Amino acid sequence: RGSASGRSGGRPGGIAAEAGAAGQNAPGESVAGAGDDGSANAAIATSPSSRKRIVIIEDDADGRQALCMQLLLASHEVHEAKDGKSGIEVVQRVRPDVVLLDIGLPGLDGYEVARRLKSGQGCPRLVAVTGYGRAEDKDRAKTAGFDAHLTKPVTPDELNRMLYAAS
């Protein structure tokens, strides 16, 4: 049976957990992956064949950790970045299936990160995970290139539906 564990202190502002994830993580990036046995021990548990590689780009450490743990419980492989610039680098390196991207990031905001990722080849599914939830915020996100929009706080059911929605 797969398991996941977390620790703090290894990287400022994030967690570093690994159990079965492939690849190397760069300085300032955390990578986590749970076992891929498909056990249904969480509300968003997945089967091995539906496991996703996901990048979370979120400056709020608590929000990043909460999303990471939800995804780990569902046996996904998770990579994290705390700002737009490092997030773009992580996405280019790990080639995820989905990017969960905060809009209100320091430096490059989420809109600019989305535009830059969309301008490249093989862009993954981009999902805004943000506190900005008005209709005009959703329109602006769509214009910037986001494929989906989730307003914080995100429930496990919302996250699961978004992960498996048609792109």
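Predicted model: local features only at pLDDT ≥ 70, side-chain atom pairs only at ≥ 80, totals over all residues.
Let me start with S75, which sits in the loop between α1 (61-73) and β3 (77-81), where helices (H or I, at least four residues) and strands (E, at least two) are DSSP runs numbered from the N terminus. Its phi is near 70 degrees, a positive value in a residue other than glycine. S75 counts as buried because its relative accessibility is 6%, and buried here means under 20% relative accessible area, exposed means over 50%, and partly exposed is what lies in between, with a 1.4 Å probe and protein chains only.

Residues are numbered from 1 along each chain as its sequence is written, and side-chain values use heavy atoms, with hydrogens and water left out.

Now to the chain as a whole, which has five helices and six strands, arranged along the sequence in the pattern β-β-α-β-α-β-α-β-α-β-α. Of its 167 residues, 43% are buried. If we take the contacts (heavy atoms within 4.5 Å) with a separation of 6 or more, 61% of them are between residues 24 or more positions apart.

Which residues touch the most other members of the largest nonpolar core? A nonpolar core is a set of buried Ala, Val, Leu, Ile, Met, Phe, Trp, Tyr and Cys residues joined through side-chain atoms within 4.5 Å, and in the largest one, which has 20 residues, the answer is V55, I57, V99, L101, V113 and F146. At least two residues of this core come from each of β2 (53-57), α2 (84-94), β4 (98-101), α3 (110-119), β5 (125-130) and α4 (135-144). Apart from it lies another core, of 17 residues, including C68, V129, L150 and L163. As general background, nonpolar side chains in soluble globular proteins tend to be buried together.

Turning to open space, the largest pocket has a volume of about 160 Å³. On a 1 Å grid over the protein atoms alone, a pocket is an open set of points where a 1.4 Å probe fits, with protein on both sides within 12 Å along at least five of seven lines, and lining residues have an atom within 4 Å of a point. Grid points are joined across faces, edges and corners, and the volume is the space filled by probe spheres set on the points. α2 gives the most to this lining, with three residues, and among the lining residues are I88, V91, R95, R116 and P124. R95 itself lies in the loop between α2 and β4, and it has a positive phi of about 50 degrees although it is not a glycine.

R115, in helix α3, counts as partly exposed because its relative accessibility is 41%, and R115 and T143, 28 residues apart in sequence, are 9.0 Å apart in space, C-alpha to C-alpha. P156 is in helix α5 and is partly exposed, with a relative accessible area of 32%, while P156 and Q70 are 86 residues apart in sequence and 6.9 Å apart in space, C-alpha to C-alpha.

Finally, where is P153 found? P153 is in the loop between β6 (148-151) and α5 (156-163), and the peptide bond from K152 to P153 is cis, with omega near -5 degrees.
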